[in-house]
Amino acid sequence: MPRLAARRGLLSPGSLRRARGARRRRRARADRGGLRGRGRRRPARGLLADPGRQRARAPALRRGGRRDPVHEIPAPPAVSALALAACLALILLGGCATPQGDAPATLTGVRFAPVSPPRGTRQSNRELAEDFLDLTFALENGETLPALLRYERPVRIYMGSPELAEYAPDLAQLLLRIRREAGIDIARTDDPAKALIFIEAVPAHEIAAVFPTAACFIAPGERDWKGFRARAAETHPRWSAQKALGEAAIFLPTDSTPQDTRDCLAEEITQALGPANDLYRLPDSIWNDDNFHGMPTSFDMTILRALYQPELHSGMTREAVAAVLPRVLARTNPMGRNLAPRKRAPESRVWGDAIEAAQAPDAPREERIRAGLLATGLAAEMRPPDHRLGVAELALGRATLGRDPAFAAHQFAEAYAGFRDRLGPHDIRTAQAGVHLAALALGAGDTDSAIRLAERHMPDAVAYQNAILAASFMSIKAEALAAQGAEAAAAEARLDSLRWARYGFGDPDGALAREQIALAADLAEPRK
């Protein structure tokens, strides 16, 4: 979720949270106040697909038609074949093992299937205790909450907006996971009088009037949009003033994509249960402003499970919680009892500012490059360096792609190798770096490497329930196959890409659905 910002005329300074990547002006940091929002997902322009490109390319890859990929990535003349080959060799020699464990979730017509991640996290409980305290007592602005906040009674959620009816199964799956994995008494109710959390769909332009760069946000002490807008700015409840969690409203835009809506539900509901902070240092959490994770992880559920143990209650001080936390975590995360804590670089506010500036979509290229260089340098100096270095390298690569493609390709390769070595070959961040390399390979005519990367990481995109990433990999694969003359296989990959794209990017005018139907019918025709 984004960092703090203020909106004049509606809320007091510090009570709005800015979406990741929005341009910021220097100001004094204040208490986060009453609003928290999730930034809009922003695929890299020129590398990943966007809705306009998806709709504009129908009917792509049909037999007898032009081959026109979702990813329109021209071969950069500044990238020599030798330079690109060196980058790709570094990657493709890194191993081609397939993900182990349960089969990944599959996407139905409109949503992902349920998942059942393992309970607990393979992390030292001493580290976990530090993360728990920072998530529940610290704010992004460096201030602290005076007391622990959580619900002290069963949590009931009311989602009455007709526009959100199709997401009822997604909400049900999320709440089932929270009950099973975190042990929290939480359920949906059809009676608003029994609810503590209210989910409402709101026109996007109205949300933008309050929080221009957020995809969604949560407001404590509210029940509906009308009441929220009627309240004077200075009377909005502030997180730092609460004694225990009570009523809260989550506002979602009516025209959001299925992917963003589901991700918003997951992040806002889990954070509404108590963890108030976001930490860039967490590699495996939805509570991280880099937005790589779209669903709660085993780490997140372990934190929630610990938060709702009987030894803890609202109003406890940080010191009191720290005293009982070792016992709580020994019971809730037994695999972490005997693990030694690792050396970790602390949270860096300066790095956070730099990475946000590097990803600001409307900032001049020079500003993004300078910020990307700063973020990369700061991350490289962390001891030890961690996933934040790869995040910075991806941002720097995107900022420099149009100016120095060879340099950008090197940044993407470094990010990929770093993610793979630190987090594993099938982590979501490794896959995200992989799609950048696959797109570059396609643009440079190395179709074999593009296909290999797409096939290697497509299961990862599905396992992490990232439809945008899945659509991107399949679109790259489709164009690579088409370039090799494998038209039937290319059409099959394009059809698969459309299936994912409708979920990830949305399809408000039905163009993707029509193309999907036409392409499916075309594939069903007997070939002469």
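How many of the residues of strand β8 (residues 248-253) are buried? In this predicted model, the strand is mostly covered, with 6 of its 6 residues buried. Ala248, Ile250 and Leu252 point one way from β8, whereas Ala249, Phe251 and Pro253 point the other way, and burial applies to all of these residues.

Strand β8 pairs with two other strands, β6 and β7. The pairing with strand β6 (residues 197-202) is parallel and extends over 6 bridges. Within this pairing, Glu200 has Phe251 of β8 as its bridge partner; the side chain of Phe251 belongs to the set that points the same way as Ala249 and Pro253. Strands β7 and β8 run antiparallel and are joined by 4 bridges. Here Pro220 stands opposite Ala248 in β8.

Strand β7 is also linked covalently to a helix. A search of the whole structure finds 1 disulfide, formed by Cys216 and Cys264, with the sulfur atoms 2.1 Å apart. Because Cys216 lies in strand β7 (residues 214-220) and Cys264 in helix α7, the pair ties together parts that are 48 residues apart in sequence. The link of Cys216 and Cys264 is left-handed, with a value of -95° about the S-S bond. Both Cys216 and Cys264 are buried.

Helix α7 (residues 258-272), which carries Cys264, packs in turn against helix α4 (residues 168-182) at an angle of about 35°. The axes of α4 and α7 are 10 Å apart, and the crossing of the two helices is right-handed. On the α4 side, the contact is made by Asp170, Leu171, Leu174, Leu175 and Ile178. These residues meet Arg262, Leu265, Ala266, Ile269 and Thr270 of α7.

Helix α8 (residues 298-307) is mostly covered, with 10 of its 10 residues buried. The buried residues of α8 include Phe299, Met301, Ile303, Leu304, Ala306 and Leu307, and also Ser298, Asp300, Thr302 and Arg305.

How values were computed
Residues are numbered from 1 along each chain as its sequence is written. This is a predicted model: local features need pLDDT of at least 70, side-chain atom pairs count only at pLDDT 80 or more; totals for chains, interfaces and linings use all residues. Side-chain values use heavy atoms; hydrogens and water are left out. Axes are lines fitted to C-alpha atoms, for helices over the stretch in contact, and angles run from 0 to 180 degrees between N-to-C directions. A crossing is left-handed if the near helix is turned anticlockwise from the far one by less than a right angle, and right-handed if clockwise. Contact means heavy atoms within 4.5 Å. A disulfide is a pair of cysteine sulfur atoms within 2.5 Å. Buried means under 20% relative accessible area, exposed over 50%, partly exposed in between (1.4 Å probe, protein chains only). Two strands pair if DSSP finds at least two bridges between them.
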